[in-house]
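Please look at the sequence and structure first.

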Amino acid sequence: MLSLIQQVISGIATGGIYASLALALVLVYRAMDVANFAQGEMATFSTFISYSLIEYAHIDFWLAFVITILISFGLGVVIERALIRPFEGAPVLTLLIVTLGLFTAFNGVTGLIWGYVFKSYRGGFPDQPIQFGGLYLNTQDLGVLGVVLVMLLLLYLFFTRTKAGLAMRAASLYPDSSRLLGVRVGWMLALGWGLASAVGAVSGMLVAPIIFLDPNMMQAILLFAFTAAVLGGIESVLGAVVGGVAVGILMALVGTYIPGGQDLRLAFGLIVIVVVLLVRPAGLFGRATVKRV
Amino acid sequence: MRRLSRTRPELIGLAVVAAVVLIGLPTVTNQFFTFEFAKVAIFVTALIGLNLLTGYSGQISLGNGAFMAVGGYTTAILVQRTGIPYWTTIPVAGILAGVVGFLIGIPALRLTGVYLALATFALALSIPPVLNHFDTFTGGHGGIVMAPAMPPLGLDLSQEQWLYYLCSGIALVLFLFAWGIVRSRTGRAFMAIRDSETAAVASGISLAYYKTLAFGLSAAYAGVAGSLLAIATSYVNPDTFGLSLSLALLVGVVIGGLGLDFGAVLGSLLVVWLPYYAEKASGLQIGSLSFGGKPDIFYGALLILILFFAPHGAAGLVQRGWRWYLLRRTAARSPLPEPVVER
């Protein structure tokens, strides 16, 4: 029983990481109705930037963390302006293929700069257990949860308390009316990509200490983030968080209690995606859309 | 279109040249190039299948590498366990992969656009670890080694030459089959669904039937390609059929030309030769960065450039050149079909 609780707690922590990447996916999806397949690879790229800052520029982890978030934000904005904007209004298939192009390009660039050798990445938290009752909690897990909660709070404040946040919400819901009211809808999309890229970078920097740093490290995480987003309803911010935690717990349990479960976790992700889409396509928190023809 | 499909002397000339090149190729190049062109033929087969699905019926799949895995492992396991001749396993691999594709097509029916991409992406990612897991059957990480495929007795061919003729023969037959499908009632139904599902349903086309059919056909082509790949390399392992294979297929079909017959041929030339030249370019250095080894950067950049400048892909460019030639000759004008992907 104690081991079960322990697995659930560590699942919640990993779930927080899935939730933050899922959140990045949701931000882009809300802005332009497309799943950004490159989100994970962009996060990997950002994480490598923070690695270089820490290892070669000898900057403290938390300072590097902030700098990386700012760089990633800029990167997201530039990518939207330079590569996504030319395809504005294109069919979903075209945009999907563009993000897949970004996926391969980012993967290649990361491999080109930093190589394919696995690197160990020291995060901002010591890797030591704290005893709490009969439970051993990992400082790492608690730290991850703390960072994710702070990030969620900041995003919530941004979207509900600032003018830019309001404009972004308006632009994604009613692009035409917003444009008439003077909202720069195009720049709101760029802002969405920037935020998504920054949030993704956080997930990368949180997961890298747990797994090793390599150019392909986010591919499995991306699948779990997709699973989380689909489970929560791909347009719902709350859904991404709840979905992420649920997927985190599920994967921790599958990995522990099913023989050879580590190998099968990705397949479980696939099963969850398919089952959710068949049973409740809008996810837990999404609204069913009615298509008008 | 009528005007174009009328047999022209230039077309007959081109067909003769193509046939001579196709048959004569292995007699003038070395073993390595012959083998690489056998791989081109294998990718042609896989890309024709993906083109039927994505190019003609408008459903994206990032999971055709997984169907190739089904085909490859069917061949390897059958040959290893039962010892039957390798060539008899090719149709079995195709049919089995087709059935799997048909079954996966059923949930895919309710998934469009983004969701279909997500589900097939998950399929592509989860296949290698699943193959690793059931290692009593699949040999796990080590994979399965088969006896090399020897030419039939009485044929005076090297092993590479035989593989080349086998793979290109099968690719040619499957190319003609797809050519026929595209121009039949089925092909028109595929394209109607691609262009507007609502309009297609309103015209009495069964979405469920044609969408799952497209998935099944595409998977069967992938299965044959996977089987041929296993035979050609006489080896299968989980990493052969990972996400990068599925992505390479998508890159090939988009750059070759979605919804155009020759797109598969041009795309597979790229998918086989680009990694080769990327490897050769390893000497190229800018500062401390050495390019080469992996073709990923070129794939990604080409993908975006092609979508922006030539949404019909390489085959579209060739077709445009051909049109331009005809225009000069006859001042005939017929519009290109609407691009499958447009910006």
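## Fold of chain B

Among contacts in chain B between residues at least 6 apart in sequence, 77% join residues at least 24 apart. Two residues are in contact if their C-beta atoms, placed from the backbone, lie within 7 Å.

This is a predicted model: local features need pLDDT of at least 70, side-chain atom pairs count only at pLDDT 80 or more, and totals for chains, interfaces and linings use all residues. Residues are numbered from 1 along each chain as its sequence is written, while chains are lettered from A and ligands numbered from 1 in the order in which they are written.

Chain B has 15 helices and 4 strands. Helices (H or I, at least four residues) and strands (E, at least two) are DSSP runs, numbered from the N terminus. The C-alpha trace of chain B spans about 60 × 55 × 50 Å along its principal axes.

## A helix pair

Helices α4(B) and α12(B) pack at about 115°, with axes 7 Å apart. Axes are lines fitted to C-alpha atoms, for helices over the stretch in contact, and angles run from 0 to 180 degrees between N-to-C directions.

| Helix | Residues in the contact |
|---|---|
| α4(B) | N64(B), G65(B), A66(B), M68(B) |
| α12(B) | L245(B), S246(B), L249(B) |

## The A–B interface

In chain A, 42 residues are in contact with 39 residues of chain B. On the chain A side, α4 (92-114), α9 (218-232) and α11 (261-279) each supply at least two residues. α4(A) gives the most, with 17 residues.
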